[in-house]
Amino acid sequence: MANHKSSEKRIRQTKKRTLHNRYYAKTMRNAVRKLRAMTDKDEAVALYPKVQKMLDKLATKKIIHKNKAANLKSSLCKHISKLG
């Protein structure tokens, strides 16, 4: 158990931040999954900018790595272009 006031506060902050980050990471994963499951090109094209914006925000806030965001955007773009 923590012995200092500052370490107790750090534990509280870490728990809160972890929950926050986990929520947004899970939301992002669900959005990516939803976009990959789409078969209609028009719907996918309409949803892509929202997912792209979400990935950029999470990369900026360092919830995910910037290269991971770039790789996801690239693969999603490739998926959309293959749709007929």
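**How the helices pack**

Author: H1 and H2 are roughly antiparallel to each other, because the angle between them is over 145 degrees. The model is a predicted one. In it, helix H1 covers residues 5-37 and helix H2 covers residues 41-60, and they pack at an angle of about 155° with their axes 10 Å apart. The crossing in which H1 passes H2 is left-handed.

On the H1 side, the contact is made by Tyr 24, Thr 27, Met 28, Ala 31, Val 32, Lys 34 and Leu 35. On the H2 side, the residues are Ala 44, Leu 47, Tyr 48, Val 51, Met 54, Leu 55 and Leu 58. Sorted by class, this contact of H1 with H2 holds 12 nonpolar residues, one polar residue and one charged residue.

The next pair is H2 with helix H3, which spans residues 66-82. These two pack at an angle of about 175°, and their axes are 10 Å apart. H2 and H3 are therefore roughly antiparallel to each other.

From H2, the residues that meet H3 are Lys 41, Ala 44, Val 45, Tyr 48, Val 51, Gln 52, Leu 55, Asp 56 and Ala 59. Their counterparts in H3 are Lys 66, Ala 69, Leu 72, Lys 73, Leu 76, Cys 77, Ile 80 and Ser 81. The contact of H2 with H3 divides into 11 nonpolar, two polar and four charged residues.

One residue of this second contact can be followed further. Lys 73 lies in helix H3. Its relative accessible area is 18%, so Lys 73 counts as buried, the cut-off being under 20%. With neighbours within four places in sequence left aside, Lys 73 is in contact with Tyr 48, Gln 52, Leu 55 and Asp 56.

Now for the chain as a whole. It has three helices and zero strands, and from the N terminus on its elements run α-α-α. The radius of gyration of the chain is 17 Å, well over the 12 Å that the globule rule gives for 84 residues, so the chain is more spread out than a compact globule. Along the principal axes, its C-alpha atoms fill a box of roughly 60 × 20 × 15 Å. Of the 84 residues, 26% are buried. Among the contacts with a separation of 6 or more, 60% are between residues 24 or more positions apart.

Terms used
Residues numbered from 1 in each chain as written. Predicted model: local features only at pLDDT ≥ 70, side-chain atom pairs only at ≥ 80, totals over all residues. Heavy atoms only, no water. Axes fitted to C-alpha atoms, helices over the stretch in contact; angles between N-to-C directions. Helix = DSSP H or I, 4+ residues; strand = E, 2+ residues; numbered from the N terminus. Parallel < 35°, antiparallel > 145°, perpendicular 65-115°, else oblique. Left-handed = near helix turned anticlockwise from the far one by under 90°. Contact = heavy atoms within 4.5 Å. Nonpolar A, V, L, I, M, F, W, Y, C, P; charged D, E, K, R; others polar. Rg over C-alpha atoms; globule rule 2.2 N^0.38 Å. Buried < 20%, exposed > 50% of the residue type's maximum accessible area, 1.4 Å probe, protein only.
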